[in-house]
Amino acid sequence: MKSALTRRPGSGYKLADAMWGYFFVAPVVIGLAVFYAFPFLQNIYFSFCEVDRFNRSSFIGLDNYREMFGSAELYQSTGNTFLYVLLTVPLGIFLAMIVAALLNSKARGQSAFRTLYYLPAITMPAAIAMVWKWIYNGNYGVLNEFLKLFGISGRNWLNESATAMIAVAVVGIWSMVGYNMVILLAGMQGISPSYYEAAQIDGAGALACFFHITIPMLSPSIFFVLITSLISGFQVFDTIYMMIGKTSLAYESTQSLVMLFYRNAFDYGYKGYASAVSIYIFVIILLFTLIQFVAQKKWVHYE
Amino acid sequence: MNNGHRTSRVILYVVLCSGVLLTVFPFIWMVLTSFKLDGEAVQVPPTILPQHPSLQAYQQVFDVIPFRSVLLNSVISTVLIVLGQVLFCTMAAYGFARIKFPGRQLIFILVLSVLMVPGQIFLIPQYLIVQKLHLLDTMGGLVLPSLFSAFGTFLLRQFFLSIPAEMEEAAILDGANRWQIFTRVMVPLVQPGIVTLVIFTAKYGWNNFMWPLIITTTPSKMTLGPALSTLSGVHVNNYPAQMAGAVLAVIPMLILFIVFQKQFIEGVAHAGVKG
């Protein structure tokens, strides 16, 4: 037993040990407090302020929010962001599921395939966006040249509001399939073979096995992939910033919410207004995450 | 029966290989274009292989951006972020997982709540803090907010929790203090977790875009991301130069990935299964 000196009466903690505890967590806790907790609170305060060029803030109540909800730009950007999420998340998970299922079916060269499919996940989004921009180029792009082989005349994909968001979403899907696939494949490999053996004895086919064993057993992994894809989809920025120039005719129809935030905060210097936009983004993401966590009780099965 | 089996195998590989082709094609096209002269790149119909392979595009990249400084900035900032996170997160994770102290639960929940908030929320105040510290356009400003990570703390805590208590108790009986236990006993045991954190953080630090874009304005202070943005602004219609810049930005992470592909992929798979 330790002496009475090192043990505070009535508490379950050893004093010296508690000190060590504070010592170990201090750098992260202080760092997060200074660079994350305090900024979070300050950002909320800023959203009720006008912040001028010299970063002096003056309280203006709900004006930023009033202006924000009164501007067509907010609804346009919200629509654009939802469209991006709608285009990328379901397809990005669906395709990842197909690739994972194919690789899981004892495909030879599984790890080589896995590595190749994972490549987009490690490459700098800003760099790869430049490459896609070049592929999509309306005059010299290889995509249009390829379509020409089939007699299809291409478009100026990134410069037309009808196609620009779809073109950006394709890049989004291309970037996320490998990452999602690795997680889903790991989940599939964790399913005990005995389930499949039992189903085979009962005469179940491959498709029945997939829908009645793989999908339910995999639901925690699918849930994880869904949540992470949604959260990152709602924050799309790098690819749009690099692919759609300020002069593009599709600029308005591809401006995402984070793009709207960035422009206001760091291009126009409307920091108070931008803070309000960032709170709006936060609330949307929070709502969607909560909905997913409530809905998961209906379809996610934990063993 | 055997025939049908073989057909389905063939279909399997055809599907998988076309998927791979779609996945790697942008990389191939990037490399091929980067070795073309800018006249050849806009030729109609396009050439597939460069007719006069040339390093001119790379030269043009070096003319516009101080590439050596930019590359060095990317490397140094990534290394600093990785070192900072590994040190601080491992310490904090050990504290939260293994030591009892008043307020532990509450503080840990507060740490986790940072994970729930999208990054933009912090950006404006972070920018103002860095500005107040006179660290705009410096390495310090570039790395400071990223040295501390709630994600890394959470990730490593999971690893510390899975280590049996006896390992530690034996060391306590031997009279070792907490720091000695941490460095000599515990850190070696969570090495797989640290490797995972290193990979996640290196990827994050290297590919991070918005923060360096905000914080740096002088070309020689930039990292690769914002430098590419500058490059595509200067060489608007010089596609080989743009592709050469992209190649240079992608290659280092690619090499790291090829060397550590097992750790990269298993780290992600692990996060998904445990997550």
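**Close-up 1. Where H4(A) meets H7(A).** On the H4(A) side of this contact sit Arg114(A), Tyr117(A), Tyr118(A), Leu119(A), Pro120(A) and Ala121(A), and they meet Trp174(A), Ser175(A), Val177(A), Gly178(A), Tyr179(A), Met181(A), Val182(A) and Leu185(A) of H7(A). Sorted by class, the residues in this contact of H4(A) with H7(A) come out as 11 nonpolar, 2 polar and 1 charged. Keep in mind that this is a predicted model.

**Close-up 2. How H4(A) and H7(A) cross.** Here are the helices themselves: H4 spans residues 110-122 of chain A, and H7 spans residues 164-189 of chain A. Their axes lie 6 Å apart, and the packing angle is about 130 degrees. The two helices, H4(A) and H7(A), are therefore oblique to each other. As for handedness, H4(A) and H7(A) make a left-handed crossing.

**Close-up 3. The crossing of H1(A) and H13(A).** Next up are helix H1 of chain A, residues 15-46, and helix H13 of chain A, residues 271-299. The axes of these two come within 8 Å and cross at roughly 115 degrees. H1(A) and H13(A) are therefore roughly perpendicular to each other. This crossing of H1(A) and H13(A) is left-handed. From H1(A), the contact uses Asn43(A), Ile44(A) and Phe46(A), while H13(A) brings in Lys271(A), Gly272(A), Ser275(A), Ser278(A) and Ile279(A). The class tally for the contact of H1(A) with H13(A) is 3 nonpolar, 4 polar and 1 charged.

**Close-up 4. Chain A against chain B.** How many residues does each chain put into the contact? Chain A supplies 75 residues and chain B supplies 75 residues. On the side of chain A that touches chain B, H1(A) gives the most, with 20 residues. By class, that side of chain A has 54 nonpolar, 16 polar and 5 charged residues.

**Close-up 5. Chain A on its own.** Chain A is built with 13 helices and 2 strands. Its radius of gyration is 25 Å, well over the 19 Å that the globule rule gives for 303 residues, so chain A is more spread out than a compact globule. Taken along the principal axes, the C-alpha atoms of chain A fill a box of roughly 80 × 60 × 35 Å. Of the 303 residues in chain A, 40% are buried. Among the contacts in chain A with a separation of 6 or more, 69% come from residues 24 or more positions apart.

Key
Residues are numbered from 1 along each chain as its sequence is written. Chains are lettered from A and ligands numbered from 1 in the order in which they are written. This is a predicted model: local features need pLDDT of at least 70, side-chain atom pairs count only at pLDDT 80 or more; totals for chains, interfaces and linings use all residues. Axes are lines fitted to C-alpha atoms, for helices over the stretch in contact, and angles run from 0 to 180 degrees between N-to-C directions. Helices (H or I, at least four residues) and strands (E, at least two) are DSSP runs, numbered from the N terminus. Angles under 35 degrees count as roughly parallel, over 145 as roughly antiparallel, 65 to 115 as roughly perpendicular and the rest as oblique. A crossing is left-handed if the near helix is turned anticlockwise from the far one by less than a right angle, and right-handed if clockwise. Two residues are in contact if their C-beta atoms, placed from the backbone, lie within 7 Å. Ala, Val, Leu, Ile, Met, Phe, Trp, Tyr, Cys and Pro count as nonpolar, Asp, Glu, Lys and Arg as charged, and the others, Gly among them, as polar. The radius of gyration is taken over C-alpha atoms; the globule rule is 2.2 Å times the number of residues to the power 0.38. A residue is buried if 20 or more other C-beta atoms lie within 10 Å of its own, exposed if 12 or fewer, and partly exposed in between; C-beta atoms are placed from the backbone.
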